[in-house]
Amino acid sequence: MSPTTPPPDAVLPPRAPEAPAPGTRLGSHYEHCFGCGPQHPGGLRIDAVAGEGLDVTAELTVRSVHQGGPGLAHGGLLTTAMDETLGTLNWLLHAPAVTGRLETDFLCPVPVDSVLHLRAWVTGVHGRKIYSAGEARIGGPDGPVAVRAQALFIQVKLEHFTKHGRPEDIDKVLDDPDLMKRARAFEVNP
């Protein structure tokens with residue numbers, strides 16, 4: 001089992017020259033992504049914003065379709081929100097990567113209609129491994145921490161997606177005349 005804490009010889013790389021500028025809304029990497037896609041009817045629609053360094057922020061409004069227990073957000077959904085937010089860090093490194101391991105700690109219940117303020121940051125890179133951490137706070141950037149997470153992402157090549165993805169979805173992305181949309185579909189963890 002791979003740890004989510006970087007080894008002592010991991011480094012904090014510089015932000016990639018191609019990375020979105022600080023303050024830039026990152027938008028969706030794929031229109032039908034459950035985490036960030038605007039066309040997914042029950043999705044989270046997380047729209048992260050690039051920070052100054054190797055960090056991002058985002059917001060998530062917990063809706064009724066996101067509940068587990070009556071009136072409360074489902075824990076798996078909160079884990080997905082953390083995974084999506086942590087995964088957007090890869091845009092700052094300009095490194096396509098997939099989730100290798102994700103550890104999530106739930107510190108307090110999250111009621112439906114709450115606004116979660118998510119923040120994620122890179123904690124180190126070692127070879128193809130990208131280590132990161134994040135938190136979700138209720139009601140504001142300084143509100144109580146509801147969720148903490150640490151993750152390990154593994155950098156992959158485009159072939160990872162084309163080999164393992166559903167062919168009709170891959171073809172739809174590759175046939176899109178918008179080069180930027182094609183490239184972004186494969187940029188972060190799907």
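This is a predicted model: local features need pLDDT of at least 70, side-chain atom pairs count only at pLDDT 80 or more; totals for chains, interfaces and linings use all residues.
Local features need pLDDT of at least 70 and side-chain atom pairs count only at pLDDT 80 or more, while totals for chains, interfaces and linings use all residues. Residues are numbered from 1 along each chain as its sequence is written, and side-chain values use heavy atoms, with hydrogens and water left out.

**Exercise 1.** Find which residues have the most contacts inside the largest nonpolar core.

Step 1. A nonpolar core is a set of buried Ala, Val, Leu, Ile, Met, Phe, Trp, Tyr and Cys residues joined through side-chain atoms within 4.5 Å. Buried means under 20% relative accessible area, exposed over 50%, and partly exposed in between (1.4 Å probe, protein chains only).

Step 2. The largest such core holds 39 residues, and Val110 and Leu116 have the most contacts inside it.

Step 3. Contact means heavy atoms within 4.5 Å. Leaving aside neighbours within four places in sequence, Leu116 contacts residues including Ala58, Leu78, Val110 and Ala146.

**Exercise 2.** State where Asp113 is and what its phi is.

Step 1. Asp113 sits in the loop between strand E3 (97–106) and E4.

Step 2. Its phi is near 80°, a positive value in a residue other than glycine.

Step 3. Asp113 is exposed, because its relative accessible area is 63%.

Conventions:
Helices (H or I, at least four residues) and strands (E, at least two) are DSSP runs, numbered from the N terminus.
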